[in-house]
Amino acid sequence: MNKITIAIDGFSSTGKSTVAKQLAKHLSYIYVDTGAMYRAVTFYAMENGLISATDFNSEALIYQLPNIKINFKFNDVLGFAEVYLNNVNIEKQIRTLDVSSFVSKVASISEVRRKLVEQQQEMGQDKGVVMDGRDIGTVVFPEAELKLFMTASAETRAERRYQELIERGDDVEYKDVLKNVQERDYMDSNREDSPLVKAKDAIEIDNSHMTLDEQFNKILQLAKMTIEDGE
């Protein structure tokens, strides 16, 4: 079967990772969560005192980039690959609201993006990959055969993220989650290096009123049609 590259971009909390994992599993493709890579760098910065609510030592972070090793290891029990930072599993730690509040700042640093984009391109050089993020279809794989752009209202996305955090046991308030979503939207869309934009040839998926099954089935059909067209 012909293998393709599937690039899924879009705003935060639009379910990019969820549908990308489903799609990769169904097609037996490799899944790469690029957002988790930026979260891992952010977590490193937080743990090493390089970023806080009042300060961000971006120069020190750039200097320490060679010390940051990120990789994914598949967890058979969970059914997906978890993120490791310097050989330590940080899958749970990077999903907090604290990390979310800083990740857009870290992702705006050109040197950080350059390092991670190079790794992402290596991971997908043989195709048969599903990758989600903010600039996959525009920067990482501009020649991807299938490009999707996920969107939904900020309120819908905040509610989904809020429920996810509450179910995990985090002590958060909806208004704080909504504020975080809105701030990340602005920063992601207005940064100088690789801002979040819809690729000209991307198919927009507004899932504000879609169930997970409806979303998956729609995207799966698009993937199957693209694969068939290439054969």
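**Ring contacts and sheet architecture**

The charged end of K73 lies over the ring of Y84, 4.5 Å from its centre (a charge sits over a ring if NZ of Lys or CZ of Arg is within 6 Å of the ring centre and within 35 degrees of the ring normal). The model is predicted, so local features need pLDDT of at least 70 and side-chain atom pairs count only at pLDDT 80 or more, whereas totals for chains, interfaces and linings use all residues. Residues are numbered from 1 along each chain as its sequence is written, and side-chain values use heavy atoms, with hydrogens and water left out.

Two aromatic pairs were found (rings of Phe, Tyr and Trp, the last by its six-membered ring, with centres within 6.5 Å; planes under 30 degrees apart count as stacked, over 60 as edge-to-face and the rest as tilted). F11 and F149 form an edge-to-face pair, with 5.8 Å between centres and 80° between the planes. F149 is buried at 7% relative accessible area (buried, under 20%; exposed, over 50%; partly exposed, in between; 1.4 Å probe, protein chains only). Y162 and Y174 are likewise edge-to-face, at 6.2 Å and 90°; Y162 is partly exposed at 22% relative accessibility, as is Y174 at 28%.

Five strands form an open, parallel sheet in the order β2-β6-β1-β7-β8 (strands are DSSP runs of E, at least two residues, and helices runs of H or I, at least four, numbered from the N terminus; two strands pair if DSSP finds at least two bridges between them). The edge strands, β2 (30–33) and β8 (203–206), each pair on one side only. Four bridges join β2 to the parallel strand β6 (residues 129–133), and D33 stands opposite D132 in β6.
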